[in-house]
Amino acid sequence: MAWVLSEFKSRQVHFDFKIGIGKSVQIVRRFSVSPLHIQMEKNCIFCKIASGEIPATKVHEDDKLLAFMDIAPANVGHTLIIPKKHHEILTDIPDDLLKGITLLTKKIARAILSALGAEGFNVIMNNKEVAGQVVPHAHIHIIPRYRGDGQQLHISPNPRAKTSVDETAEKIKKFL
Ligand SMILES: [Zn+2]
């Protein structure tokens with residue numbers, strides 16, 4: 001007697017509670033969930049957008065990735081790209097999936113340049129709250145840039161950071 005993972009299809013996973021022995025085994029209860037729900041983090045707004053629970057204006061969707069319009073755009077065409085599965089930050093994302101995200105970023109950036117007449121774009125990924133990540137589900141911003149758009153994405157040089165640059169490089173290299 002046990003819950004058994006009996007079927008795994010692209011849209012649904014079925015767990016069956018079976019009793020009996022040999023040919024007399026009966027399924028007494030079936031519990032079905034979507035794979036997306038298994039991977040979903042409770043209360044994660046991007047998981048809910050990925051599962052369709054919360055609507056979004058989508059520009060691309062496949063079984064692993066989603067690109068949709070930011071609801072508080074910094075400029076016309078501000079688009080977000082997410083993995084449907086919940087990963088918090090860049091370093092959590094498996095290599096194959098990250099490759100897909102990168103290629104989709106390129107594809108959408110190219111479409112933005114053609115469709116909207118943007119003269120450039122910023123690709124931004126904030127990782128962890130200290131870096132400005134608001135939703136803890138990994139996402140990439142593509143922000144189209146238009147001359148005179150008034151946006152300032154500016155990180156200023158810190159003279160204190162420069163004094164230890166060689167030592168810092170050595171520390172990083174030890175972990176590569
Ligand atoms: Zn999530």
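Strand S5 (residues 65-69) and strand S6 (residues 79-83) pair in the antiparallel sense over five bridges; strands are DSSP runs of E with at least two residues, helices are runs of H or I with at least four, and both are numbered from the N terminus. Two strands count as paired if DSSP finds at least two bridges between them. Met69 has Thr79 in S6 as its bridge partner. The model is a predicted one, in which local features need pLDDT of at least 70 and side-chain atom pairs count only at pLDDT 80 or more, while totals for chains, interfaces and linings use all residues. Residues are numbered from 1 along each chain as its sequence is written.

S5 and S6 belong to an open sheet of five strands with antiparallel pairing, in the order S4-S5-S6-S8-S7. Strand S4 (58-61) and strand S7 (120-124) are at the edges and have a single partner strand each, so one side of each lacks a neighbour in the sheet.

Helix H3 (residues 95-116) has 22 residues, which at 1.5 Å a residue should span 32 Å; the end C-alpha atoms are 31 Å apart, in agreement. The expected span is 1.5 Å times one less than the number of residues. Ile101, Leu104, Thr105, Ile108, Ala109 and Ile112 of H3 are buried, whereas Asp95, Asp96, Lys99, Leu103, Lys106, Arg110 and Ser114, on the other side of H3, are exposed. A residue is buried if 20 or more other C-beta atoms lie within 10 Å of its own, exposed if 12 or fewer, and partly exposed in between, with C-beta atoms placed from the backbone. H3 is followed by Gly117, whose phi is positive, near 70 degrees.
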